[in-house]
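Take a look at the chain below.

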Amino acid sequence: MTAVEQYPRKMHYLYGLSPYSCMNIPENLFEIAHRKELASSRKLAKSLGLSAEAALQQTLEAAAGKGSLGDLIAARKREKENAATRIAIRKQARIDAQAHKIAAAQPDPTAWLAWFDGATHPNPGKMGIGGLLKNPDGGVTTISYAAGQGDSSMAEYIALIAVLQVAVEARASKLVIYGDSRVVIDDVQTENEGAAILSAQRLQARLLLARLADVSLIWIPRRKNAAADALSQQAVQLAPVARQP
């Protein structure tokens with residue numbers, strides 16, 4: 001007799017159940033029991049001196065109510081299978097979302113790419129701007145110069161304007177611009193007037209944006225803007241020039 005065949009007989013002798021009623025009872029009842037039922041069965045085992053499995057058997061029979069223990073076990077199995085399916089669906093959804101995010105982050109191979117950054121020492125203080133414009137063939141134009149006195153937001157705006165000027169001159173048909181200044185990226189795209197102190201820079205940037213057929217501004221963390229940052233920091237060390245917009 002196999003272990004599977006012996007199990008209903010074992011349950012029959014231990015708990016007084018018929019072999020037929022034991023056929024659908026799993027050997028490990030703990031797999032289908034809820035936490036509260038496990039806690040209750042431990043108390044029952046301690047108070048009546050039952051084995052852990054016998055106490056759990058009684059607890060689950062009570063949970064089954066008017067139904068049979070077999071029906072309860074079958075329902076719990078379905079619950080576990082459904083839960084496993086939901087987990088698998090959520091996991092796949094996360095994988096799909098991540099794949100979509102990665103795909104969306106990949107630039108169009110036909111697009112021009114640009115990065116801009118502004119630096120001040122101190123803030124406000126001496127300004128330096130940096131930028132790069134990369135054409136679809138991989139050619140790169142770099143921008144780096146000192147830009148007088150101002151604060152960090154003004155330096156960032158001047159850097160954006162410099163990149164836009166180069167892009168317009170290069171007749172970039174489709175342009176994706178990356179920068180680590182939320183202030184400037186949000187300000188130049190706002191439907192409202194934006195910060196009054198940056199009105200001149202905002203106007204100039206918008207006029208240049210209007211001359212480009214397809215342009216996107218995307219915020220990136222500073223660590224991903226290292227090349228433009230290095231150019232802006234380098235520019236701060238240069239002599240100031242009157243080149244503010």
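Predicted model: local features only at pLDDT ≥ 70, side-chain atom pairs only at ≥ 80, totals over all residues.

Residues are numbered from 1 along each chain as its sequence is written, and side-chain values use heavy atoms, with hydrogens and water left out.

The chain holds nine helices and five strands. Helices here are DSSP runs of H or I with at least four residues, strands are E runs of at least two, and numbering starts at the N terminus. Along the sequence, the order reads α-α-α-α-α-β-β-β-α-β-α-α-β-α.

Of the 245 residues, 39% are buried (under 20% relative accessible area, 1.4 Å probe, protein chains only). Contacts (heavy atoms within 4.5 Å) between residues at least 6 apart in sequence join residues at least 24 apart in 66% of cases.

Now the helix pair. Two packed helices are described by the angle between their axes and the distance between the axes. Helix α7 spans residues 182-189 and helix α8 spans residues 199-210. Their axes (lines fitted to C-alpha atoms over the stretch in contact, with angles from 0 to 180 degrees between N-to-C directions) come within 10 Å and cross at roughly 65°. That makes α7 roughly perpendicular to α8 (65 to 115 degrees).

Which residues in α7 and α8 meet? Asp187, Val188 and Gln189 in α7 meet Arg202, Ala205, Arg206 and Leu209 in α8. The residues of this contact divide into three nonpolar, one polar and three charged.

Notes: Parallel < 35°, antiparallel > 145°, perpendicular 65-115°, else oblique. Nonpolar A, V, L, I, M, F, W, Y, C, P; charged D, E, K, R; others polar. Buried < 20%, exposed > 50% of the residue type's maximum accessible area, 1.4 Å probe, protein only.
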